[in-house]
Every structure is written in C-alpha cells, then in structure tokens.
Amino acid sequence: MEKQKEFGSNFVSRGALLFLLALVVITSYYQMGGLPAFLLLVFLLAAVSLAWGKGSLKHLEISIEGKSLNGFPGEEIEFVLAAANEKWLPVIWLDLTLPEPKRKCVSLEGGFKRKFTWLMPRQTLRWRCRMQAQKRGIYRLAEVELTSGDGFGLSVENRREQLTTGIFFVVYPKVDPVETSGFLQEYSELQKGTWGSQEDVTLLKSSRGYLPGDAGKRINWRILARQSELVVNVYETVQPRNACFLLDLESFVRREMVEENGEKKAVLKEFHEEVMEDMLSLAASCMVALAEKQVFCSLVIPAIGN
C-alpha cells in the first residue's frame, strides 16, 4: 500500500506545544504587551488541533460487505465499504485508501482512494465499489488505510485498519475461442472423420440390419449362422477423457551465470512476460473448451531450480 503523505503542521506537536507554553511564560514574565495573549491563543489553537487530530480515528470502525469471486478479465465484483463513527466527536474529513494490486490485475471505478467529509457522530457512511478484472492475478483486500485529522488541517493521523472479513478477487487468464478437435484424437486410431472417437467393442449398444459399406468386423456372425440374416453390431462410442498440459515457464526466462565473491550465481537477464501471458491464456482457453466437452484436464508446472 502506498504510504500517505502527512501534510499536518509541524507546529502542532507535543514539542511545539511545550515551546509555545514556554514562550507564553517568558513573555508574560517580561510583560511584553499583547504578545503573551497572542501566543496563548496560538497555544490553545494548537492544543485543540492536536487533541482533535489524535481522536479523529478513535472508535472509527471499517467493515466490508461482499463475497470473494473467481472470474475472467472483464468480469466485475461489487462490494461495500462502511465507515462507522462510534464516538460523539464528528469526523470533518476522512481519506480511505485501498491497497493497489501489484500486477494491475484489477481496476477500481473512481480509483483506490475516496475522500469523505462530515462523518457525524453515530453515523455510518457507505462506499459502494465496483472492481473490474483486467488480467491474470490475485487481489486480496484485507486492510485499508485511514487518514483524518482536525478541521483546521493542522494535525493529521494515519492508521491501517485490518478487515475482519477480507475478500479475494482471483482473475484467471483470458479465455478465447479455440479449436480443440486435435486434442480429441486418439493416437492409436487417427482415422479421418472420427474426431478422435472410437468404439468400445466390449460395450454392445444395439444391433441393426446390414447396410452397404458396413465393415465386416461389425457383422454379428452368430445371428447370421442361426437365422441367415445379416445384422451388424452397434457399439458404444467413447472419447478420451483426460488431457494433461505441461507448462515450461522457465523457457520464458533467460539467465546468465556471473561470478560474485568467487561464486557463480544465476542472474535474471530477460523475462518475456507478455509472451508467457499469451501462452497461459492459450492453455486456459484449451482447458475450458475441453472441460465443456467433459474432458478432465490437469496442469503440470515443473519446478524451477536455483
């Protein structure tokens, strides 16, 4: 999470208050006209601002309403962030900042920062957020950053609030239409027009009369011997049910061996991230298309050595 800049005044602090109080005492002792009264007024203003700023984030509860979602680029998730002021002191202004994703896998409508004004005592403000998936990645919303202070803008407080129930937004690789007929072919029977299907001769489905062009191996010779009738068997048609994808992620990385302190070490030189993302998208597209045809898919990613 990006750190917020503190824009409060340097004169509103415990050290500054002690310094102002010392000036009030000194100027009063030497009877320097109206200067002690002016310094006392500044002291009181700084003291009120400091106390107000220190208490602005106390008893301020943040909650989230929404469910985690797994989706593809372009899909949206909606959730609500609620800020409840459970004290009798009003909050003049409040900056609520959400953590930004590292890989920019999601985008938030209106940005990841929202400014509220005048959160009255015992009042709850709600921020309805609409987040859209952009590219592969994982976004975890488990904490928010709060920034508030006094009404004069002299004292500012920051606090990170851990959410009791966070949400996850898992974005899968982009899925495009693909042709999967090649995956459905059995290498043992690559016959044109079969689309990878084959008949299981152990599963007899039915029988019918002989038609010109039927293969001889389909003829039921027992019925022909008993009844002198040409009948062919119809077997159950089966298709392959398993597909395994092997992804070699190391092939998208180029390393070079360098020598440091007498030891050889592999240093990353190139990383073709865009090409790798295209490959992951293609693999995901194939797996989704095969799953729709009731083909079970598995994924294997070899371990990368040091």
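Helices (H or I, at least four residues) and strands (E, at least two) are DSSP runs, numbered from the N terminus. On this basis, the chain holds four helices and 15 strands. The model is a predicted one, in which local features need pLDDT of at least 70 and side-chain atom pairs count only at pLDDT 80 or more, while totals for chains, interfaces and linings use all residues. Residues are numbered from 1 along each chain as its sequence is written, and side-chain values use heavy atoms, with hydrogens and water left out.

A look at the whole chain comes first. Of its 306 residues, 35% count as buried, where buried means under 20% relative accessible area, exposed means over 50%, and partly exposed lies in between (1.4 Å probe, protein chains only). The accessible surface comes to about 20,200 Å², and 55% of this belongs to carbon and sulfur atoms; such areas come from the Shrake-Rupley method with a 1.4 Å probe, and for residues only the protein chains shown count as cover. Among contacts (heavy atoms within 4.5 Å) with a separation of 6 or more, 69% are made by residues 24 or more positions apart.

Eight of the ten residues of S3 (residues 76-85) are buried, so the strand is largely enclosed by the rest of the structure. Two strands pair if DSSP finds at least two bridges between them. Strand S1 (residues 60-65) is joined to S3 by six bridges, and the two run antiparallel. Strand S7 (residues 124-133) also pairs with S3 in the antiparallel sense, over nine bridges. Val80 of S3 shows both pairings: Glu65 stands opposite Val80, and Arg128 in S7 is a bridge partner of Val80.

Another group of strands can be followed in order. Five strands form an open sheet, S2-S9-S8-S4-S6, with mixed pairing. Strand S2 (69-71) and strand S6 (113-119) stand at the edges with a single partner strand each, so one side of each has no neighbour in the sheet. Strand S2 runs parallel to strand S9 (residues 156-171), and three bridges join them; here Leu69 stands opposite Phe169 in S9.

Finally, the helices bring the surface into view. Leu35 has its place in helix H2, and this residue counts as partly exposed because its relative accessibility is 33%. Ile26, Tyr29, Tyr30, Met32, Leu35 and Phe38 form a nonpolar patch on the surface, with about 700 Å² of accessible area together. Helix H1 (14-29) and helix H2 (35-55) are the elements that give two or more residues to the nonpolar patch. Patches are made of residues with over 30% relative accessible area and no salt bridge, with like charges joined within 9 Å and nonpolar side chains (Val, Leu, Ile, Met, Phe, Trp, Tyr) within 5 Å; a salt bridge is a side-chain nitrogen of Lys or Arg within 4 Å of a carboxyl oxygen of Asp or Glu.
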